[in-house]
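Welcome! Please take a look at the sequence and structure first, then read on.

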Amino acid sequence: MLQGRRRILVLGCDGCTQPPRGLREAQTYRTLLEMALGRKGGEVDCVAGTVSKQCDTALLAQNYPELVKGRDAVLSLSCALGVQLLSLQYPEVPVFPGQNTVFLGYEHRDEGWLREACQACGDCVLGETGGICPVARCSKSLLNGPCGGSHDGKCEVRDDIPCAWQLIHDRLRQLDRNEWIDGIVPPRDWRSSRDGGVRYQKKDEDWNEPARKEVKR
Amino acid sequence: MEAEPKFFMEIHVENCGNCVYCLSACPFEAISQDPETKKVKVDPKKCVACGICYSACPSGQITTAHYNIDVLNSMLDAAVAGNPSTLVLSCRGSAPERRDVEGLWEEKELAFLSLPCIGRVPLQFYIRCAEVGLQKVHILVCEDEYCRMKKGSPVAQQKLEAARLMLEDLGYDSSMLDLKKGVVRAELDSNRCIACGNCVWVCPYHAPRLVTGTAAVDANLCKGCGICVAECPALAIRMKGSEHEELMKAVKELAAAPGKPKVLAMVCRWAEYLHFDRPVEGGALRVLPMPCSGRGDVLHILEAFRNGVDGVLLATCVDEMCKQENRGDKRAQAHAARARGLLRQLGIDGRMRVSAVTPKYLGQFESEVEAFIRELGAAPPGGGGK
């Protein structure tokens, strides 16, 4: 991917920080790259830097142009949003992803896992389901669960997946709000999900004021 | 199994007067008295090698391999070789390095001695300080609640009072002994903090908190282990004596010293005593002291290899000896696993070793180093940087 590049910027992102891939990570990969490239001989000149959010044009403008000057490639440690926005805003230098962006999820530090929790379907039902998403966390994205594959609170797909509908039932019972599961939920309008090609949303008018000159870092 | 390793101390019960001073001084209840024979004995499992019993015994019937009076005297002789008028005697917990204390006092020419706990220093040592012609001895102990040995600081203070009386009896000026208390704590730069919450998670003492967009460290809770310094993704936390830049510099210097093979040992200050007092001798081993092995930093491990080191040894405490709520060694293991994954990409993951050692048993660290050097001889080439 980085074949032939010698002057690489490893760019961290201080944004959502789950898990954090900021300056330390950038320096780590800078060192690793330099060691790997150095073995092949020749001049190697990699630098490490970070920006407060790779997915924000205003924040990028603060120090990215300075960091990227004279570089022949950027290795981005942000999610796919940062990689794409860097390419879009500063097309002169090619940007490469330092990691795969896998899902929208949350982190459980004690047990050491990241779990998917949202599929960005665009029509939120969390208010009805006690804060547990059946679209992302039920393997079949059912709205009237659970199905026959729910056993001892586990999903039939894999036994490390808790059955989302078991969780929803337990939670709603705890909240004394059984009415939602007692009825039958009609089919949802899936057009807000992946229907009709790439999604696009215009922000409200008041979002479009010019960016402030000074942004607190 | 090889022969049982030698325990660092011994109570000579045959001449012991059963005064049980050692028993009451031991902060870890490691010494017990046999109800029938009245003889005292030490439980090696509970002992943490603080040495307080050694200084407590009034009849010299406890012998120790670490910092006994002969060792202390020869260290003192070496420290005062240039005839300085002032000695700084500090606990490794709160003033590990000479540069940590310079500027604290008016005197300019300071001799420097740093020990793991001042509670272990026997009275004779202070008398000896007067005898060798020192005008002033500044003793820097940890603040009481910061002490890793629970009672090390209070014991040192009591010893000092006794030493003052003794010095007066001997006709010396007792005000030559001066005591200060200190701490080393993490300091957070809120301008660099990205409020990720990592420090909140890793701290064994729950000292950092996230408040309105930045973390803040509660100074009263911090015990200066440096784990958060090693894990802060924004390099926003500093700790005196183990700053990122200082350690980076030290790694480079240690890697540059001649000798083959080059082994960098990142060693917890409480896991090994003997090698801290010895300078690099141009041999294989280069010791980088850590306030806790959890300060062992992935970046420093990589930097060592980049600068031509052949192997990195991370020496942690054995589990029950960890001075950081039993979390230090575990964080060190986590950092090592992370570093190993990165080194694997270069094919040199076999050149890093994690060893749990304790000063309680003599020779443990040395044999780990020897085994590691043998291992390195058989490891595939490719270490040693460029």
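**A first look around**

A:Pro146 sits in the loop that links H4 and H5 of chain A. The bond between A:Gly145 and A:Pro146 is a cis peptide bond, with omega about -5 degrees. Bear in mind as you explore that this is a predicted model.

**Backbone details to look for**

- You will find B:Pro261 in the loop between helix H9 (244-256) and strand E13 (263-268) of chain B.
- Most peptide bonds are trans, and most residues other than glycine have a negative phi.
- A:Asp176 is not a glycine, yet its phi is positive, at about 60 degrees.
- The loop between H5 and H6 of chain A holds A:Asp176, and this residue counts as exposed because it has 7 C-beta neighbours inside 10 Å, where 12 or fewer is the limit for that class.
- In chain B, B:Asn83 is a residue other than glycine with a positive phi, near 55 degrees.
- B:Asn83 belongs to the loop between helix H3 (69-79) and strand E5 (86-91) of chain B, and it counts as exposed because it has 10 C-beta neighbours inside 10 Å.

**Chain A as a whole**

- Chain A has six helices and six strands, and from the N terminus on they follow the order β-α-β-α-β-α-β-β-β-α-α-α.
- The radius of gyration of chain A is 22 Å, well over the 17 Å that the globule rule gives for 217 residues, so the chain is more spread out than a compact globule.
- Along the principal axes, the C-alpha atoms of chain A fill a box of roughly 70 × 45 × 35 Å.
- Of the 217 residues in chain A, 29% are buried.
- Among contacts in chain A between residues at least 6 apart in sequence, 49% join residues at least 24 apart.

**Helix H5 of chain A**

- Helix H5 (residues 164-174) of chain A has buried residues A:Ala164, A:Trp165, A:Leu167, A:Ile168, A:His169 and A:Leu172.
- These buried residues of H5(A) pack against helix H4 (134-137) and helix H6 (179-182) of chain A.

**Nonpolar cores**

- The largest nonpolar core has 139 residues, and the members that touch the most others are A:Val10, B:Leu264, B:Ala265 and B:Ala315.
- Another core, of eleven residues, lies apart from it and includes A:Cys155, A:Leu167, A:Ile168 and A:Leu172.
- Beyond its neighbours within four places in sequence, B:Leu264 is in contact with several residues, among them B:Val251, B:Leu254, B:Arg286 and B:Val312.

**Where the two chains meet**

- The contact between the chains takes 18 residues from chain B and 17 residues from chain A.
- On the side of chain B that touches chain A, H10(B) gives the largest share, six residues.
- That side of chain B divides into 13 nonpolar, two polar and three charged residues.

**Domains of chain B**

- Chain B is divided into domain 1 (9-64), domain 2 (81-178), domain 3 (186-239) and domain 4 (244-378).
- The centres of domain 1 and domain 2 of chain B, taken over C-alpha atoms, are separated by 24 Å.
- Their contact takes eight residues from domain 1 of chain B and eleven residues from domain 2 of chain B.
- Helix H2 (residues 52-56) of chain B gives three residues, the largest share of the side of domain 1 that touches domain 2.
- That side of domain 1 of chain B has six nonpolar, two polar and no charged residues.

Technical notes: Residues are numbered from 1 along each chain as its sequence is written. Chains are lettered from A and ligands numbered from 1 in the order in which they are written. This is a predicted model: local features need pLDDT of at least 70, side-chain atom pairs count only at pLDDT 80 or more; totals for chains, interfaces and linings use all residues. Two residues are in contact if their C-beta atoms, placed from the backbone, lie within 7 Å. Helices (H or I, at least four residues) and strands (E, at least two) are DSSP runs, numbered from the N terminus. Ala, Val, Leu, Ile, Met, Phe, Trp, Tyr, Cys and Pro count as nonpolar, Asp, Glu, Lys and Arg as charged, and the others, Gly among them, as polar. Domain bounds come from an automatic or database domain assignment. A residue is buried if 20 or more other C-beta atoms lie within 10 Å of its own, exposed if 12 or fewer, and partly exposed in between; C-beta atoms are placed from the backbone. The radius of gyration is taken over C-alpha atoms; the globule rule is 2.2 Å times the number of residues to the power 0.38. A nonpolar core is a set of buried Ala, Val, Leu, Ile, Met, Phe, Trp, Tyr and Cys residues joined through C-beta atoms within 7 Å.
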